[in-house]
Amino acid sequence: MQDDAPLAVLGAGSWGTAVAVLLASNGRQCLLWSRDPAHAACMAATRRNARYLGDIPLPAGVEPTGDLDAVLDRASDLVIAIPSAGFTTFVEGLRGRLADNARLAWLTKGLAHDTADTLDCVIASVLGEDRLRAVISGPSFASEVARGQPTAVTVASPDIAFAETVAGWLRNPVFRVYTSDDMLGVELGGALKNVLAIAVGISDGLGYGANARAALITRGLAELMRLFQAAGARPETLMGLSGLGDLVLTCTDDQSRNRRLGLALGRGESLTSALQAIGRVVEGVTTAEGVMRVAGRYGVELPICEQVYGVIHRDMPAQDAVQALLTRDPRPELGASFAD
Ligand SMILES: NC(=O)C1=CN([C@@H]2O[C@H](COP(=O)(O)OP(=O)(O)OC[C@H]3O[C@@H](n4cnc5c(N)ncnc54)[C@H](OP(=O)(O)O)[C@@H]3O)[C@@H](O)[C@H]2O)C=CC1
Ligand SMILES: O=C(CO)COP(=O)(O)O
């Protein structure tokens with residue numbers, strides 16, 4: 001693959017734009033596709049993405065476009081940056097339109113909206129098991145990355161050589177990239193942390209203190225560990241950037257939209273008005289539903305995720321959800337294994 005061929009980022013929200021800026025600052029030509037041609041034209045004219053990342057100038061190497069056919073003609077290395085709710089439909093729309101040598105990476109954190117499968121399963125089943133593919137995940141707020149603040153992430157792929165290739169696109173002295181072959185663990189960590197961040201936000205919004213926050217993060221980690229064991233992900237991935245790293249980031253910093261949603265719900269705002277005020281994707285909302293399906297599939301208990309699901313999708317009062325967690329049957333902190 002030619003290093004001077006353009007890369008393409010598909011999806012021009014906050015994270016897609018930040019990664020396009022990163023790739024261009026690494027010297028790569030980067031097509032940045034928006035599904036809204038007027039938005040693409042505005043970015044091209046103003047050299048900013050006013051809608052999602054307005055304070056960051058787009059470097060010369062970023063080429064905004066609204067023409068997906070032209071993008072697929074010019075680039076065979078594609079980075080998908082759209083929310084999980086639209087992921088499956090979008091990938092199905094790529095079927096039959098990709099060059100044979102097209103390679104895919106994605107920045108999306110979540111589960112397939114319709115099946116609750118991991119996004120890797122979606123890509124493999126729609127575009128073929130042999131398609132080179134990788135997920136980019138880890139603690140990485142878009143605006144910090146776009147401003148060049150130090151960040152470290154993980155790239156996971158079933159093909160470790162391809163993980164290295166993607167890492168090479170992204171790496172620079174302030175953007176450190178590790179690689180992994182545990183796609184499942186990296187994707188599950190990225191999906192669940194959004195739901196857990198809503199839980200921590202709710203607790204903080206209710207005015208509970210630092211003790212409750214630390215307890216929720218720790219017991220959230222135990223939920224992830226249980227799911228990892230049941231699903232066959234590697235426990236050490238949980239201690240990495242896409243697990244503990246992103247869980248801590250998203251649960252503790254108000255840049256997180258998932259945490260901010262929880263804060264608003266804890267303070268008594270309605271879901272609709274909180275989502276409207278945030279005005280960006282809040283992945284934990286749809287993922288909370290998917291996670292319940294995954295818990296059922298593997299027969300694991302995920303009590304914190306279940307309460308978040310109750311608050312968001314069953315109108316449960318936030319205070320009742322916390323109470324339900326506090327009054328669960330007592331149990332040993334760690335059972336026969338860490339995951340019990
Ligand atoms: N922001 C961040 O700091 C990080 C985000 N992520 C993950 O990246 C993913 C994208 O998030 P982010 O960029 O922040 O979200 P934003 O809400 O900032 O932007 C979403 C973008 O996706 C576009 N979009 C939505 N649905 C579709 C669709 N069906 N087809 C094509 N484009 C679509 C939107 O277009 P339109 O404007 O037309 O609606 C918009 O450009 C999420 O899974 C998120 O969890 C991961 C790490 C960091
Ligand atoms: O995934 C993220 C940082 O790693 C962004 O988190 P939010 O979607 O909660 O803002």
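Helix α12 supplies the largest share of the shell around ligand 2, three residues. Helices here are DSSP runs of H or I with at least four residues, strands are runs of E with at least two, and both are numbered from the N terminus. The model is predicted: local features need pLDDT of at least 70, side-chain atom pairs count only at pLDDT 80 or more, and totals for chains, interfaces and linings use all residues. Residues are numbered from 1 along each chain as its sequence is written, while chains are lettered from A and ligands numbered from 1 in the order in which they are written.

The shell around ligand 2 holds 13 residues, of which Ser140, Thr250, Ser256, Arg257 and Asn258 come nearest. The elements that contribute two or more residues to it are α9 (183-205), α12 (241-252) and α13 (257-266). A residue counts as near a molecule or strand when its C-beta atom, placed from the backbone, lies within 6 Å of it. By class, the shell around ligand 2 has four nonpolar, five polar and four charged residues. In this scheme Ala, Val, Leu, Ile, Met, Phe, Trp, Tyr, Cys and Pro are nonpolar, Asp, Glu, Lys and Arg are charged, and the others, Gly among them, are polar. Domain 1 (7-181) and domain 2 (189-338) each give at least three residues to the shell around ligand 2; the domain bounds come from an automatic or database domain assignment.

Ligand 1 has 26 residues around it, with Gly13, Ser14, Trp15, Gly86 and Ala142 nearest. The shell around ligand 1 divides into 11 nonpolar, 10 polar and five charged residues. Because domain 1 and domain 2 both give residues to this shell, ligand 1 lies between them. The largest share of the shell around ligand 1, three residues, comes from α1.

Of the 12 residues of α1, 11 are buried, so this helix is largely enclosed by the rest of the structure. Buried means that 20 or more other C-beta atoms lie within 10 Å of the residue's own, exposed means 12 or fewer, and partly exposed is in between, with C-beta atoms placed from the backbone. The end C-alpha atoms of α1 are 16 Å apart, which agrees with the 16 Å that its 12 residues should span at 1.5 Å a residue; the expected span is 1.5 Å times one less than the number of residues. Gly27, which follows α1, has a positive phi, near 95 degrees.

An unreviewed UniProt entry lists Ser14, Trp15, Arg35, Tyr52, Lys109, Ala142, Arg257, Val281 and Glu283 under "binding site". These positions are given in the numbering used here, feature names are shortened, and annotations may be inferred rather than shown by experiment. Ser14 belongs to α1 (residues 14-25) and is buried, with 22 other C-beta atoms within 10 Å. Neighbours within four places in sequence aside, Ser14 is in contact (C-beta atoms, placed from the backbone, within 7 Å) with Tyr52, Leu53, Ala142 and Arg280. Lys109 sits in the loop between β7 (103-106) and α6 (119-127). Lys109 is buried, with 29 other C-beta atoms within 10 Å. With the same exclusion of neighbours within four places, Lys109 is in contact with Ser137, Gly190, Ala191, Asn194 and Glu283.

The C-alpha centres of domain 1 and domain 2 lie 26 Å apart. Their contact takes 19 residues from domain 1 and 19 residues from domain 2. On the domain 1 side, β9 (151-156) and β10 (175-180) are the elements that give two or more residues, and β9 provides the largest share, three residues. By class, that side has nine nonpolar, nine polar and one charged residues.

Methods. Contact = placed C-beta atoms within 7 Å.
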